[in-house]
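I opened this one to see what holds the fold together. My notes follow in the order I looked things up.

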Amino acid sequence: MFLLSSYPPISVLLDIRKKPNTMNKYNAKTFELMKTQIETNGSLEITAFGNSMYPTIKDGERLTIIPQKEYSVGDIIAYVYSLDPLNIIIHRIICKRKNSVFTKGDNNNFIDKLVPNNKIMGIAIRIEDNQ
């Protein structure tokens, strides 16, 4: 599972743990801010953490996310993880339906839960090593 380096800030995480009912409200606002940034700037740069997409994406690499009107099998997408609304996941589409997709990390042995299209932020178009 890949997480954003600055999402959410540590101070916000601590506040959310003290007040669990604020998670969905915070996530919705953050997701909307990130979507606005993508729409305004045409892209969003994030840092990946984790090994679920190894060797395609390595821990600490920078990704550029851009929105698309349509997504295809094989695209690497950024989306809001419905089971843990504080996480944005970067995984590959392996199956497409009319209004949703199934994804999987390249290094995972399991398929993720169904992802509604409205939870997709965009595709990863550039992967850069941070070293």
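The side chain of Arg92 meets that of Asp106 in a salt bridge, 2.8 Å from N to O. I count a salt bridge when a side-chain nitrogen of Lys or Arg is within 4 Å of a carboxyl oxygen of Asp or Glu. Arg92 sits in strand β4 and Asp106 in the loop between β5 and β6, so this pair ties together parts that are 14 residues apart in sequence. Asp106 is partly exposed at 29%.

How many salt bridges does a search of the whole structure find? It finds three. In another of them, Arg62 joins Glu45, with the closest N and O atoms 3.5 Å apart. Arg62 belongs to strand β2 and Glu45 to strand β1, so the pair ties together parts 17 residues apart in sequence. Arg62 counts as partly exposed at 24% relative accessibility, and Glu45 is partly exposed at 43%.

I also noted Lys96 with Glu70, at 3.9 Å from N to O. Here the pair links distant parts of the chain, 26 residues apart: Lys96 in strand β4 and Glu70 in the loop between β2 and β3. Glu70 is exposed at 61%, whereas Lys96 is partly exposed at 40%.

**Method notes.** I number residues from 1 along each chain as its sequence is written, and side-chain values use heavy atoms, with hydrogens and water left out. Since the model is predicted, local features need pLDDT of at least 70 and side-chain atom pairs count only at pLDDT 80 or more, while totals for chains, interfaces and linings use all residues.

**Sheet.** I find two helices and seven strands in the protein chain; these are DSSP runs numbered from the N terminus, helices being H or I of at least four residues and strands E of at least two. The strands form an open sheet in the order β1-β2-β7-β3-β4-β5-β6, with antiparallel pairing. Two strands pair if DSSP finds at least two bridges between them. At the edges are β1 (44–47) and β6 (115–116), each pairing on one side only. Between β1 and β2 (residues 62–66) I see four bridges, and Arg62 is the bridge partner of Thr47.

**Cores.** The largest nonpolar core has 16 residues, and Leu44, Ile57, Leu63, Ile65, Ile90 and Met121 touch the most other members. Such a core is a set of buried Ala, Val, Leu, Ile, Met, Phe, Trp, Tyr and Cys residues joined through side-chain atoms within 4.5 Å. Its largest share, three residues, comes from β3. A second, separate core of eleven residues includes Tyr71, Ile77, Tyr81 and Val115. Back at Leu63, I looked beyond its neighbours within four places in sequence, and the contacts (heavy atoms within 4.5 Å) include Leu44, Ile57, Ile90 and Ile127.

**Confidence.** What does pLDDT average over the protein chain? The average is 76, and 71% of the residues score at least 70; pLDDT is the predictor's confidence in each residue, from 0 to 100. Over residues 1–24 it is below 50, although this stretch has 49 contacts in the model beyond near neighbours in sequence.

Technical notes
Buried < 20%, exposed > 50% of the residue type's maximum accessible area, 1.4 Å probe, protein only.
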